Amino acid sequence: YEQFTFAQGVDGGMEYPNLTLVTGRRKLGRLVGTSVHESVHNWFYGMLGSDEGSYPWMDEGFTEYASSEVMAHLFPGSAQGRIHADALSAYLDLAHSPDHEPMSTHADHFTTNRGYGATAYSKGEFFLDQLGAVIGDSTLHRGLLKYYGSCRFKHPEPVDVQRSMEKVSGLQLDWYFDEWINSTADLDHSVK
């Protein structure tokens, strides 16, 4: 965009093409974090046309993932450990609660607001972070660029993300996508 406006508004933050509304009277980190999150939306719902109703995790979760990466760059040393540790913590809280529903649940069909929010934002972010653990963070980042290049100005679905990641990694990832998107199954294993 030739111009992008940040304006003081109400209710946290809200994104629009060329415009982000944010509330004032916040600490700098929270103000910048909300501004980054809302402006990153212009990629995932604007440039990629993510369907927030059908796949809220592709819009909010991918936005959270990118926002966490940007914030770690803007505020080096602020993340203790992995950049996406907050998403892991929120996902684990969700997974051990009755509000855990599959990511394939339509945004309007979640049983609780907590289930929607934690799934769309935190589980969506953690989905990408864990995919990076499977294929490598640099491969994940290349996959996100391929996803953008293949799907910009379209309306991508989960299979488009999967194909992009499979092409750059050379791995079949249907097992990963299916388990994360369509179930709430727990991984239960140990090493002796």
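Select Trp57 to start: at 0% relative accessibility, this residue counts as buried (under 20% relative accessible area, with exposed over 50% and partly exposed in between; 1.4 Å probe, protein chains only). The model is predicted, so local features need pLDDT of at least 70 and side-chain atom pairs pLDDT 80 or more, while totals for chains, interfaces and linings use all residues. Residues are numbered from 1 along each chain as its sequence is written, and side-chain values use heavy atoms, leaving out hydrogens and water.

**The aromatic rings**

The structure holds 16 aromatic pairs. Rings of Phe, Tyr and Trp (its six-membered ring) pair if their centres lie within 6.5 Å; planes under 30 degrees apart are stacked, over 60 edge-to-face, the rest tilted.

Now select Phe126 and Trp180. Their ring centres are 5.7 Å apart and their planes stand at 65°, so this pair is edge-to-face. Phe126 sits in helix α4 (residues 113–135) and Trp180 in helix α7 (residues 174–182), so the pair ties together parts 54 residues apart in sequence. Helices here are DSSP runs (H or I, at least four residues), numbered from the N terminus. Phe126 is buried at 6% relative accessible area. Trp180 is buried at 15%.

**The core**

Which residues touch the most other members of the largest nonpolar core? Select Trp57, Phe62, Phe127, Leu131, Leu140, Met165 and Phe177, out of 30 residues in that core. A nonpolar core is a set of buried Ala, Val, Leu, Ile, Met, Phe, Trp, Tyr and Cys residues joined through side-chain atoms within 4.5 Å. Helices α1 (28–47), α2 (56–74), α3 (85–95), α4, α5 (137–151), α6 (158–169) and α7 each supply at least two residues of this core.

Centre on Phe177. Not counting residues up to four places away in sequence, Phe177 touches residues including Phe127, Leu131, Val161 and Met165. Contact means heavy atoms within 4.5 Å.

**Helix α5**

Finish on α5. Thr139, Leu140, Gly143, Leu144, Tyr147 and Cys151 are buried there. Seen down the axis, the buried residues of α5 fall within an arc of 145° (taken from the directions from the helix axis to the C-beta atoms), so they line one face of the helix. They pack against α1, α2, α4 and α6. Step past α5 to Phe153, whose phi is positive, near 65°.
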